[in-house]
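Here are my notes on the model you sent. Please read them beside the coordinates.

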Amino acid sequence: AYWDIITPYKSLVMVDTEEMFNLYNALAAWKFGGAIQIKDGEDTGLSEPSASIAIDYYDMKSDTDSADADPDTTCRIKFGNKDEQGNYYAQIEGFDTIYKISSSAADPVLMVNPYDYILKICCLVDYTTVEKVEISAGETTHVMDVDAAQKKYAFDKKDVDEKAFSTLYQALMGVIVKGEPENKDADSGKKESPVLQINFQRNMENAPDITVAFQPYDDEYCLAEINGNQFFLVAKEDVELLAEQVKEAF
């Protein structure tokens with residue numbers, strides 16, 4: 001259920017799994033026809049490809065192989081010019097054979113917008129992987145202690161029941177992404193104190209701590225900063241409502 005989008009999000013975002021599988025299905029539907037013969041003077045553009053796709057996969061040698069194995073093979077497909085019918089010239093790196101693939105099949109894969117594959121939630125952290133949550137607003141900091149295995153929870157060292165914990169924790173996950181800032185470069189936001197900051201401290205070595213800070217942006221939006229990387233805009237009103245909900249819970 002988890003995927004890394006390395007560029008431009010540095011793996012710190014949640015992926016919409018359904019959209020990701022739609023992309024893979026579009027890729028799997030590609031049909032490479034028979035090899036074509038290149039006429040004299042026909043410029044395929046493959047010597048300087050306009051785009052390429054690298055697919056890492058595990059090359060299963062027999063029915064006893066496990067599809068869960070780590071990838072051991074890379075297939076790179078190069079794309080050159082288009083012919084008069086709008087088909088791409090395509091070639092698998094390392095082979096001389098040239099194919100054609102329709103632009104209607106290739107373009108949905110070649111022209112992906114990473115934002116379209118993001119689950120529009122700032123942060124989704126499984127509470128069973130968390131031992132403590134620090135929530136800061138202004139000069140005030142509150143702490144949620146979490147022991148999911150024992151179903152024990154506390155707000156500022158005061159025990160609370162599971163319903164109270166779940167209500168607030170789900171609210172922390174509920175700030176919806178509204179868009180991307182005009183300047184998408186990291187650290188482009190205002191250097192002011194966050195309106196609200198949430199630090200998830202994990203209970204597993206292979207699960208990194210995650211800090212979400214909602215920075216001032218303009219009159220309508222806050223900038224969501226995840227582990228120091230600024231990618232998304234959220235409604236300022238939503239952040240203020242969450243801050244009020246935190247205040248009431250504690």
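This is a predicted model: local features need pLDDT of at least 70, side-chain atom pairs count only at pLDDT 80 or more; totals for chains, interfaces and linings use all residues.

1. Residues are numbered from 1 along each chain as its sequence is written, and side-chain values use heavy atoms, with hydrogens and water left out.

2. Four strands form an open antiparallel sheet, ordered E1-E2-E3-E4. Neighbouring strands are turned by 30 degrees against each other on average, direction ignored. Strands here are DSSP runs of E, at least two residues, and helices are runs of H or I, at least four, numbered from the N terminus. Pairing takes at least two DSSP bridges.

3. Strands E2 (residues 73-82) and E3 (residues 87-92) pair in the antiparallel sense over four bridges. Lys78 has Gln91 in E3 as its bridge partner.

4. A search of the whole structure finds eleven aromatic pairs. In one, the ring centres of Phe79 and Tyr88 are 5.7 Å apart and the planes stand at 80 degrees, so the pair is edge-to-face (centres within 6.5 Å; planes over 60 degrees apart). Both Phe79 and Tyr88 are buried (under 20% relative accessible area, 1.4 Å probe, protein chains only).

5. One aromatic cluster is formed by Tyr127, Tyr153, Phe165, Tyr169 and Phe200.

6. The charged end of Lys120 sits over the ring of Tyr115, 4.6 Å from its centre (NZ within 6 Å of the ring centre and within 35 degrees of the ring normal).

Note on methods. Rings of Phe, Tyr and Trp (its six-membered ring) pair if their centres lie within 6.5 Å; planes under 30 degrees apart count as stacked, over 60 as edge-to-face and the rest as tilted. Buried means under 20% relative accessible area, exposed over 50%, partly exposed in between (1.4 Å probe, protein chains only). Axes are lines fitted to C-alpha atoms, for helices over the stretch in contact, and angles run from 0 to 180 degrees between N-to-C directions.
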